[in-house]
Each structure stands twice: as C-alpha cells, then as structure tokens.
Amino acid sequence: AKEKGKNNFQLYNPTIHNLLFRKMNIENGLRGAIEKNQFSLHYQPKVDMRTGKMVGTEALLRWEHPELGIVSPAEFIPVAEETGQIVSIGEWVLKTACEQIKKWQTAGLPLIYLSVNVSVRQFQQNDFIQMVRNILQETHLDAHFLELEITESIIQNLKQSTEILYDLRVLGVRTSIDDFGTGYSSLYALKTLPVDVIKLDKSFIDDLNDPANQAIVKAITEIGTSLNLQVIAEGIEEEQQVKMLLKHNCRYGQGYLFGRPVPAKEFEKHLLNNRNF
Ligand code: C2E
Ligand code: CA
Ligand code: CA
Ligand code: CA
C-alpha cells in the first residue's frame with residue numbers, strides 16, 4: 001500500500017518464498033521418487049531425413065509428483081544435479097531404457113539405437129563406466145545400440161572426461177555432444193573430445209530463416225562431417241526446416257514434426273508400423 005512509503009523494504013517477498021518452497025518441495029519429493037514409481041520414460045524418434053526412416057530414439061525422463069503434478073525435467077534435473085540425486089536417478093533411467101529397447105529387439109521390432117541423457121555430475125562418478133557396463137550386462141543389450149548424450153561442459157575436466165569417453169568407446173557405446181553450440185568451448189570440445197555425434201541445439205534450428213543460423217548450421221555440419229562425426233538437429237517442427245537442413249547436408253533430425261516424446265506403449269506403434277516420417 002501507498003502509506004508504506006518508498007523506504008520501506010519489503011522483507012517478505014511472496015514470489016521468492018514460493019520459489020524456494022517449490023524447490024524444497026521438489027528436492028524432498030525426489031527422495032524416494034524411484035521407489036514410489038513416480039518416474040517414467042518417454043521416447044522420441046530420431047530420423048534419417050534422407051530416407052524418412054526412424055533410426056533411433058531418445059529417452060526423456062518424466063516425473064509425476066503427487067501434489068505438484070508433472071514436473072518438467074528442465075526444472076527438476078538441475079535440482080537433482082545439485083543434491084547428487086541425479087546419480088541414482090540417472091542409473092534408473094539407463095537401466096529402464098536399456099531394458100525397454102532390449103524388449104523391443106527381442107519382440108522382433110525394427111532395430112533402432114537408444115540415446116540416454118547423462119548429466120555431467122553422473123558422468124564424472126568414479127564408477128560411471130562400471131555402472132554402464134553392469135547395466136549392459138544385466139539387460140543383455142548390445143553396447144552398439146547405446147548412445148550417451150552429454151553436454152560440452154565436460155570439457156572443464158578435460159583429462160578425466162577424455163578418459164571416460166575412450167572407455168565408453170572401448171565398451172562399444174557411442175557418445176554425443178548435446179546442445180552443441182550453446183557452450184563457450186564448442187570448437188575446442190570438438191577438436192579434443194573423442195565423441196561420435198554432434199547434436200545441433202534447437203536454438204539454431206528454431207529460426208532457420210535467419211542467415212546467421214543457416215551459416216552456423218552449415219559450418220558445424222561441414223566441420224562435423226569432415227571430423228567423421230554424425231550430425232543431428234533437434235527441435236525440428238516444420239517441413240521447411242527439413243529442407244534447409246538437408247540442403248546443408250545435415251542428414252539426421254529429431255523434433256515434434258516427426259514425433260513428440262511419448263510413453264513406451266505409444267512409441268511401440270511407430271516401431272510396429274515401421275513407419276516412414
Ligand atoms: P534435451 O536433452 O536438449 O532434450 C530435448 C528437449 O526438447 C526435450 O525436452 C524434448 O521433449 C524437447 N523437444 C524435442 N523436440 C522438440 C520440438 O520439436 N520442439 C520443442 N519445443 N521441443 C522439443 P524435455 O523432455 O522437457 O527435457 C528437457 C531437458 O531435460 C533435456 O533437454 C535434458 O537436458 C534434460 N533431461 C531429460 N531427461 C533426462 C534424463 O534422463 N537425464 C538427464 N540428465 N537429463 C534429462
Ligand atoms: Ca538430449
Ligand atoms: Ca537441447
Ligand atoms: Ca540438454
């Protein structure tokens with residue numbers, strides 16, 4: 001109210017209070033979320049845009065909180081990273097996704113590869129490689145069907161990260177730099193890190209009418225290809241973007257245009273139809 005005067009600091013800020021309360025709620029809720037079966041995975045197609053065939057799928061984590069409802073991973077993953085809970089959550093994701101893919105393979109459905117997001121904190125655990133190896137053994141999934149998506153921020157720990165990436169390569173697991181181009185170290189990361197795939201960030205794909213974005217996409221695809229890396233674009237929503245990407249020799253894509261992330265049961269329909277995108 002006016003009579004409070006302008007020198008009256010507002011000590012109680014309801015917005016900040018609500019935000020802190022929500023964060024605390026998320027942090028507490030994440031404990032035990034695995035045991036309470038609150039997590040599930042959605043699967044989104046990855047497409048060879050030259051042939052229209054689905055070649056892979058990315059597993060994306062979903063969390064249903066009893067009071068908050070569906071919480072976006074963009075909101076709860078950072079919290080889980082902060083608290084360290086991401087380590088056990090990430091292990092659950094990898095195991096569940098590998099089991100699912102193996103099930104589809106066993107059922108004779110078309111073979112596609114699986115991408116799983118790995119957070120930096122998880123990647124840098126001492127027993128990360130052992131964890132991946134164990135899950136591959138337990139689920140009997142051939143390592144060549146697995147790809148791990150990691151952001152370029154792993155470069156901050158260059159020596160350790162390089163070793164882990166080589167260990168994964170020896171295991172037969174492919175690796176991808178996620179959100180490529182958004183970090184500050186992109187080209188250096190490319191030159192240095194032994195990865196197999198570059199994932200062009202959605203922010204470049206959103207507005208491909210912008211000549212600057214086109215130039216970036218073209219350049220990254222050229223560099224990637226000459227370094228023997230596969231290049232995939234994320235966030236494709238329109239046919240026009242596909243045309244542009246193919247024109248610049250970016251062959252692989254992912255986005256709502258081809259399919260939204262959906263639960264396993266629904267994703268199975270794509271596989272059963274062996275449909276073209
Ligand atoms: P990301 O790895 O960059 O994943 C792509 C995000 O873009 C996903 O959001 C996906 O649903 C969304 N997306 C895909 N195609 C389109 C499109 O055409 N248009 C638009 N507008 N969006 C599209 P989602 O599922 O909400 O995940 C957000 C972020 O949360 C992911 O970004 C990833 O960084 C993180 N995340 C999700 N699942 C996991 C996980 O299992 N582990 C870890 N560490 N992080 C995860
Ligand atoms: Ca990703
Ligand atoms: Ca992204
Ligand atoms: Ca990401």
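This note goes through a predicted model point by point.

1. Ground rules. The model is predicted, so local features need pLDDT of at least 70 and side-chain atom pairs count only at pLDDT 80 or more, while totals for chains, interfaces and linings use all residues. Residues are numbered from 1 along each chain as its sequence is written, chains are lettered from A and ligands numbered from 1 in the order in which they are written, and side-chain values use heavy atoms, with hydrogens and water left out.

2. Helices (H or I, at least four residues) and strands (E, at least two) are DSSP runs, numbered from the N terminus. Two strands pair if DSSP finds at least two bridges between them. Strand 1 (residues 39–48) runs antiparallel to strand 2, and ten bridges join them; one of the pairings is K46 with G56 of strand 2. The hairpin of these two strands has four residues between the strands, and G52 there takes a positive phi near 80°. A second hairpin, through three residues, joins strand 2 to strand 3. Strand 3 (residues 69–71) pairs with strand 2 in the antiparallel sense over three bridges, with H65 bridged to G69 in strand 3.

3. Strand 2 and strand 4. These strands run parallel and are joined by four bridges. G56 has Y113 of strand 4 as its bridge partner. Why is strand 2 largely enclosed by the rest of the structure? Ten of its 13 residues are buried, where buried means under 20% relative accessible area, exposed over 50%, and partly exposed in between (1.4 Å probe, protein chains only).

4. The largest pocket. A pocket is found on a 1 Å grid over the protein atoms alone: it is an open set of points where a 1.4 Å probe fits, with protein on both sides within 12 Å along at least five of seven lines, and its lining residues have an atom within 4 Å of a point. The largest pocket has a volume of about 910 Å³, volume being the space filled by probe spheres set on the points. Its lining has 35 residues, and E58, L60, P73, N117 and D178 lie nearest the centre. Among the elements that each supply at least two lining residues are strand 2 (53–65), helix 3 (86–106) and strand 6 (174–180).

5. The calcium ion (ligand 3). Donors are N, O and S atoms within 2.8 Å of the metal (3.2 Å for Na, K and Ca); water is not among the atoms, so sites may look incomplete. The protein donors here are D179 (OD), D201 (OD), E234 (OE) and E234 (OE), at 2.2 to 3.2 Å. D201, in the loop between strand 7 (197–200) and helix 8 (202–206), and E234, in the loop between strand 8 (230–233) and helix 10 (239–247), are 33 residues apart and link distant parts of the chain. Both D201 and E234 are buried. The calcium ion (ligand 2) is 5.7 Å from the calcium ion (ligand 3).
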